[in-house]
Amino acid sequence: MKKIILTLTAIWSVSVLWAQGDVYEKSDEYEWPDDTEVVRKLKDWQDLKFGVLIHWGLYAVPGIVESWSICDENWITRDTTMTYQQYKDWYWGFAEKFNPTNFNPKQWARVMKDAGMRYMIFTTKHHDGFCMYDSRYTDFSIARHAFKNHPERDVLRYVLNAFQEEQFMLGTYFSKPDWHSQYYWWDVYPTKGRNVNYPISTYPWRWKQFQQYTYNQIDEILSNYGKVDILWLDGGWVCTENKQDINMPAIADMARKHQPGILIVDRTCHGPYENYQTPERTIPETQLAYPWESCIPLSDDWGYVNHPKWKSPEKVINTLIEIVAKGGNLVLGVGPTPDGIIQSEAVERLEQIGEWMKRNGKAIYNTVPTKIYHDGNVWFTSSKDKRKCYAIYMLEEGAGIPETISWRGNLPKKGTKLRLVEDNSTLRWKIHGDSVTVKLPSKLKAQSFAIEIASPIHELGI
């Protein structure tokens with residue numbers, strides 16, 4: 001879980017101190033889809049490698065961690081000058097203050113494209129139940145409160161349109177639990193933890209209302225906003241195994257009638273509706289032989305917070321290199337400001353990542369893993385036709401470029417050309433026993449870099 005400490009002042013402002021604790025674990029198993037359209041889209045998605053996960057909602061207004069502060073669990077602490085109900089009312093009240101008059105999804109899309117990202121996932125509703133689109137089934141949405149008179153109040157439509165214009169693969173995040181809904185957190189009972197707060201066996205009719213509510217809202221998202229490629233479902237505790245069955249077969253059937261071939265990511269819920277796995281804030285220790293995506297935020301938080309602790313561009317680049325070499329994708333979490341833009345500190349880092357991708361993206365996009373994928377600071381990928389291998393040298397932050405680098409495995413044969421990916425310049429190399437040593441040009445920028453190894457190659461093992 002995540003740990004949050006909330007401190008309230010006399011005027012009920014709030015700050016968040018964040019420390020990473022346990023996070024979502026990936027499923028232990030994987031079930032390949034049998035729908036040919038899903039399989040095709042899954043392969044297309046795997047080629048993209050780098051995407052963005054956008055968290056934006058009520059929590060942006062005070063600049064606190066998304067939703068979790070209204071959940072009563074023992075890893076969350078609040079100032080004792082306010083009752084739990086007073087805190088929740090205070091939080092819900094941000095619906096009347098969330099008025100992002102500088103809402104600029106075209107800026108978001110442009111920034112993410114320039115960063116080298118090729119798919120996106122937008123949070124249509126987090127666990128707090130606040131919808132970032134104009135839902136017919138609740139008034140608790142951005143389109144019905146402070147932002148209601150804005151011409152772009154149906155936020156989801158304009159976000160998807162902006163990213164579609166930049167040719168992104170489009171995804172929608174949707175929280176299965178809904179802590180604002182009386183069908184999930186019913187005021188007849190106190191809330192305790194993240195789960196439904198009434199006994200479903202005693203009130204099956206009420207749970208059926210929640211099932212229908214969930215179905216209806218997902219139906220809206222997938223039928224009213226044009227093409228959607230990914231349905232990314234969060235809140236893995238809402239599942240059959242936890243006796244919170246929302247009838248995923250019916251949801252999946254409806255989803256694929258509206259959006260044939262759509263990828264469904266019922267994260268952490270092993271089975272036919274988890275088309276790829278989503279380890280959170282982590283990278284698997286070894287290669288995985290099925291589709292997966294590490295979801296990692298650019299700062300320490302998914303959404304906008306006050307005084308964020310940012311990751312460096314080099315950290316993100318090196319994370320991406322490792323993930324791709326292990327066969328996965330990286331979706332990077334970025335949260336717009338409460339005013340509706342991507343803040344300058346994030347833009348600056350994303351621009352630097354994008355510059356690196358322009359120079360080295362050939363070794364990242366549309367690649368496949370190699371059997372030998374790692375040796376020291378060198379990580380390997382391969383072209384899909386198996387005719388080229390890429391050796392990506394991961395430079396540690398603060399280190400300078402060495403005069404030479406060496407690696408074992410994926411060795412070039414005599415006569416093979418090794419080229420620097422960023423400018424196609426030829427590199428000098430020698431074989432010494434079971435390793436190759438490559439001399440590097442002095443002009444190299446102090447960042448990670450990629451080398452193309454043309455066929456033929458020893459030990460490629462793809």
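Visitor: At what angle do helix 3 and helix 4 pack, and how far apart are their axes?

Guide: In this predicted model, helix 3 (residues 105–114) and helix 4 (residues 155–165) pack at an angle of about 35°, with their axes 8 Å apart. An axis here is a line fitted to C-alpha atoms over the stretch in contact, and angles run from 0 to 180 degrees between N-to-C directions. Helices (H or I, at least four residues) and strands (E, at least two) are DSSP runs numbered from the N terminus. Residues are numbered from 1 along each chain as its sequence is written. As the model is predicted, local features need pLDDT of at least 70 and side-chain atom pairs count only at pLDDT 80 or more, while totals for chains, interfaces and linings use all residues; side-chain values use heavy atoms, with hydrogens and water left out.

Visitor: Which residues make the contact of helix 3 with helix 4, and how do they divide by class?

Guide: Helix 3 contributes Pro-105, Lys-106, Trp-108, Ala-109 and Met-112, and helix 4 contributes Tyr-158, Val-159, Ala-162, Phe-163 and Glu-165; contact means heavy atoms within 4.5 Å. By class there are eight nonpolar, no polar and two charged residues. Ala, Val, Leu, Ile, Met, Phe, Trp, Tyr, Cys and Pro count as nonpolar, Asp, Glu, Lys and Arg as charged, and the others, Gly among them, as polar.

Visitor: Why is helix 7 called oblique to helix 8?

Guide: The axes of helix 7 (residues 313–325) and helix 8 (residues 344–360) come within 9 Å and cross at roughly 45°. That angle makes helix 7 oblique to helix 8, given that under 35 degrees counts as roughly parallel, over 145 as roughly antiparallel, 65 to 115 as roughly perpendicular and the rest as oblique. Pro-313, Val-316, Ile-317, Leu-320 and Ile-321 of helix 7 meet Arg-349, Gln-352, Ile-353, Trp-356 and Met-357 of helix 8. Eight of these residues are nonpolar, one is polar and one is charged.

Visitor: What makes helix 5 and helix 6 roughly parallel?

Guide: Helix 5 (residues 204–223) packs against helix 6 at an angle of about 15°, the axes being 9 Å apart. This falls within the range for that term, and the two helices are therefore roughly parallel to each other. Their contact includes Thr-214, Tyr-215 and Ile-218 of helix 5 and Ala-250, Ile-251 and Met-254 of helix 6. The residues of this contact divide into seven nonpolar, three polar and one charged.

Visitor: What makes strand 8 and strand 9 edge strands?

Guide: The open sheet of seven strands has the order 8-7-6-5-3-10-9, with parallel pairing. Strand 8 (263–266) and strand 9 (293–297) each pair on one side only, where two strands pair if DSSP finds at least two bridges between them. Neighbouring strands of this sheet are turned by 20° against each other on average, direction ignored.

Visitor: How do you know that strand 5 pairs with strand 6?

Guide: Six bridges join strand 5 (residues 119–125) to strand 6 (residues 169–175), and the two run parallel. Gly-171 in strand 6 is the bridge partner of Ile-121.

Visitor: Why is one side of strand 15 and of strand 18 left without a neighbour?

Guide: The second topic is an open sheet of three strands in the order 15-19-18, with antiparallel pairing. Strand 15 (404–408) and strand 18 (429–432) stand at its edges with a single partner strand each, so one side of each has no neighbour in the sheet. Four bridges join strand 18 to strand 19 (residues 435–439), and His-432 stands opposite Ser-435 in strand 19.

Visitor: Why is the pair of Trp-68 and Trp-237 called tilted?

Guide: The search of the whole structure finds 37 aromatic pairs. In this one the ring centres lie 5.9 Å apart and the planes stand at 55°, so the pair of Trp-68 and Trp-237 is tilted. Rings of Phe, Tyr and Trp (its six-membered ring) pair if their centres lie within 6.5 Å, and planes under 30 degrees apart count as stacked, over 60 as edge-to-face and the rest as tilted. The pair links distant parts of the chain, 169 residues apart.
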